[in-house]
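Trainee: I am new to this structure and would like a close look at a single part of it. Please take me through that part slowly, and define the terms as they come up.

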Amino acid sequence: MDKPINFKNSKGDNLVGILNETSNKDWILIMCHGFTSSKNTTNFVKLAGMLNEKEISPLRFDFWGHGESDGNFSDITISEAVDDILNAIKFVKELGYKNVGLLGSSFGGISSIMASSKTTDLSFLCLKSPVSNYWEVVEEGGKHTPEEMNDWKSKGFREYDSDGKILKLKYSFVEDFDNNKPYEVAKNIKIPTLIVHGDIDTDVPYSQSQKLVSVLPNATLVTVKGADHRYTGDGQAEQMLSSFYNFILEQIKLNESN
């Protein structure tokens, strides 16, 4: 059953989500969307339905400044999203869920990595095309020239085109990068982790996940051949979804056998 829910971040702002609730409170998966996206991203909705059939309750929620949640997009940072995730974990534990998994996509991926390094309340981690180094994505990857970065800094904001909708994003987003370095905290994440990444992703380099899997103590990387950041090729989204689905079911099976 789809149940609208609300919970608070550390500032007391309202975060909005959908809990695909079952009668089983043994397992829940918290799903964290990408930059400028929302809880209703197509692949998340599909995966939620697949898991519901196995009596697993997914929680999809909008990050602060996104979707129906409070906050201005212009003020979003990785650290803000990390706080959202930690409060989502706290929220589902208070609801009585025993075991919590976390799935993060792209921006939600880097935020999930950082959150996972700050909590002991997670059983497993799933990462879909995660950002592991935002400097490489934004500056070194050619998204912005040095001149554009200087202009962003001097103005204090830049305009961000999200599927034709113009949004403003403050330079505080960039200033927060140095507070969130996944490669440095990865050694502290001991839970089973699955990374899925397309090898022709031009938004977030595939090489980032190759490096990430080498520093995470208990991780596997699934490569979707010929896939871009959105898995738009024939069968690619299905391969990505089935990889996460099978991994989640395997973690539950292993947990129950111990």
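Trainee: At what angle do helix α1 (residues 42-52) and α9 pack, and how far apart are their axes?

Mentor: Before the answer, a word on the basis: this is a predicted model, in which local features need pLDDT of at least 70 and side-chain atom pairs count only at pLDDT 80 or more, while totals for chains, interfaces and linings use all residues. Residues are numbered from 1 along each chain as its sequence is written, and side-chain values use heavy atoms, with hydrogens and water left out.

Helix α1 and α9 pack at an angle of about 40°, and their axes are 11 Å apart. The helix α1 is therefore oblique to α9, given that angles under 35 degrees count as roughly parallel, over 145 as roughly antiparallel, 65 to 115 as roughly perpendicular and the rest as oblique. Axes here are lines fitted to C-alpha atoms, for helices over the stretch in contact, and angles run from 0 to 180 degrees between N-to-C directions. The helices themselves (H or I, at least four residues) and the strands (E, at least two) are DSSP runs, numbered from the N terminus.

On the α1 side, the contact (heavy atoms within 4.5 Å) is made by Asn 43, Lys 46, Leu 47, Met 50 and Leu 51, and on the α9 side by Ala 237, Met 240, Leu 241, Phe 244, Tyr 245 and Ile 248. Sorted by class, the contact of α1 with α9 has nine nonpolar, one polar and one charged residues, where Ala, Val, Leu, Ile, Met, Phe, Trp, Tyr, Cys and Pro count as nonpolar, Asp, Glu, Lys and Arg as charged, and the others, Gly among them, as polar.

Within α1, the buried residues (under 20% relative accessible area, with exposed over 50% and partly exposed in between, using a 1.4 Å probe and protein chains only) are Asn 43, Phe 44, Leu 47, Ala 48, Leu 51 and Asn 52. These buried residues of α1 pack against β2, β3, β4 and β5 as well as α9, which leads us to the sheet.

Eight strands form an open sheet in the order β1-β2-β4-β3-β5-β6-β9-β10, with mixed pairing; two strands pair if DSSP finds at least two bridges between them. The edge strands, each pairing on one side only, are β1 (2-8) and β10 (219-224), and the twist from one strand to the next averages 20°.

Among the strands that α1 packs against is β3, and six of the six residues of β3 are buried. From β3, Trp 27, Leu 29 and Met 31 point one way, whereas Ile 28, Ile 30 and Cys 32 point the other way. In a regular strand the side chains alternate between the two faces of the sheet. With β4, strand β3 pairs in the parallel sense over five bridges, and the bridge partner of Ile 30 in β4 is Leu 59. Six bridges join β3 to β5, also parallel, and there Ile 28 stands opposite Val 100.

The strand β5 (residues 99-105) is in turn joined to β6 (residues 124-128) by five bridges, again in parallel, with Gly 101 opposite Phe 124.
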